[in-house]
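Open the model in your viewer and keep the sequence beside it. The stops below say what to select and what is found there.

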Amino acid sequence: MGAGLLVAGTGANAQNVKLTVKVENLAPTNSVSFAPLHFGIHNGTFDAFNSGSVGGAAIISIAEGGSGSAWLPAFASADPTAVISTIGGALTPGASHMSSPLLVDSTINRYFTFASMVIPSNDLFIGNDNPAMFQIFDMAGNLLINQITLTANRIWDANSEVADPANAAFVVGGNNDLRTPENGTVAFDRSELAVFNGLTTAAGYTFSDAGLSDSTPIYRISFTANAVPEPATWAMMIGGFALAGSALRHRRAAAVLA
């Protein structure tokens, strides 16, 4: 998957599965936090953004405000069968959040796409620019990836807004509704974090990027999949329970007669 990206795999079987997604902030204390994670399990067609290109409205809604107000509708429009969700709340260093179980048909939706704003910032984010980068299921519902770990060199700069603490999100005194256009292209670059050193975040801690190197783990996405039995399987299970119950009743009756 490339430098700075760690992936592990495991297995689970069924075409229809219940998928739970967990996110963890692995960044050093007083370092970067993250806005809610917006994500979808899809057929591999939704392309949120491209490295080296100007970011469109979809990814800008993530990078500049963390809201997904354009990203989520764009995802749903591009792939109406996708399972799309959000894990809410600011994710501070050491914190974690978990989604509710999501029903996924792996014969249709096998790929995972995500995006979240890095805070404090004006337009930094994490996400995947290749819609087929993370295939988490095969067609039989086997879970191919159980974990995605991002390192600090995977932070994107949308280069759509000039870095300015006065206009930034998650900074005390900042007004995220204000912006100065930058008109650049999307690229891996976390250098703008330095302008926030020593400032107080909305969570109350004093920000520092001193603990971040290219290889520093900052974010983990974990997957847990449970098989959903097919209707025929349920019927066989119910039939088996009925037969077992009948046999038990016969044994009890025989014991009484004896």
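Among contacts in the protein between residues at least 6 apart in sequence, what percentage join residues at least 24 apart? The value is 80%, where contact means heavy atoms within 4.5 Å. This is a predicted model, in which local features need pLDDT of at least 70 and side-chain atom pairs count only at pLDDT 80 or more, while totals for chains, interfaces and linings use all residues. Residues are numbered from 1 along each chain as its sequence is written, and side-chain values use heavy atoms, with hydrogens and water left out.

**The whole chain**

Begin with a cartoon view. The protein has 3 helices and 13 strands; these are DSSP runs numbered from the N terminus, helices being H or I with at least four residues and strands E with at least two. Of its 258 residues, 43% count as buried. Buried means under 20% relative accessible area, exposed means over 50%, and partly exposed lies in between, with a 1.4 Å probe and protein chains only.

**Helix H1**

Select residues 57-65, which make up helix H1. Of the 9 residues of H1, 7 are buried, so the helix is largely enclosed by the rest of the structure. The buried ones are Ala58, Ile59, Ile60, Ser61, Ile62, Ala63 and Glu64. Which elements do the buried residues of H1 pack against? They pack against S4, helix H2 (71-78), S8 and strand S9 (124-127). Step just past the end of H1 to Gly66, where phi is positive, about 70°.

**Aromatic pairs**

Next, show the aromatic side chains. A search of the whole structure finds 13 aromatic pairs. Rings of Phe, Tyr and Trp (its six-membered ring) pair if their centres lie within 6.5 Å; planes under 30 degrees apart count as stacked, over 60 as edge-to-face and the rest as tilted. Select Phe49 and Trp156: this pair is edge-to-face, with 5.0 Å from centre to centre and 80° between the planes.

Then select Phe112 and Phe223. Their ring centres are 4.8 Å apart and their planes are at 75°, so this pair is edge-to-face. Phe112 belongs to strand S8 (residues 111-119) and Phe223 to strand S13 (residues 217-227), and the two are 111 residues apart. Phe112 is buried, with a relative accessible area of 0%, and Phe223 counts as buried at 4%.

**The cavity**

How many cavities of 30 Å³ or more are there? The count comes to 1. On a 1 Å grid over the protein atoms alone, a cavity is a set of points where a 1.4 Å probe fits but cannot get out, and lining residues have an atom within 4 Å of a point. Grid points are joined across faces, edges and corners, and a volume is the space filled by probe spheres set on the points. The largest cavity holds about 40 Å³ of space. To find it, select its lining: Leu5, Phe114, Gly127, Asn128, Met133, Phe134, Leu150, Arg154, Trp156 and Phe188. The lining divides into 7 nonpolar, 2 polar and 1 charged. Here Ala, Val, Leu, Ile, Met, Phe, Trp, Tyr, Cys and Pro count as nonpolar, Asp, Glu, Lys and Arg as charged, and the others, Gly among them, as polar.

**Single residues**

Select Ile87, in strand S5 (residues 83-87). Ile87 counts as buried at 4% relative accessibility, and the residues it touches include Val21, Phe39 and His97.

Move to Pro120, in the loop between S8 and S9. A cis peptide bond joins Ile119 and Pro120, with omega about 0°.

Finish at Asn30, in the loop between strand S2 (16-25) and strand S3 (33-34). Asn30 is not a glycine, yet has a positive phi of about 70°; Asn30 is partly exposed, with a relative accessible area of 31%.

Conventions
1 Å grid on protein atoms, 1.4 Å probe; cavity = no way out; pocket = protein on both sides within 12 Å on 5 of 7 lines; lining within 4 Å. Lists of a residue's contacts leave out its neighbours within four places in sequence.
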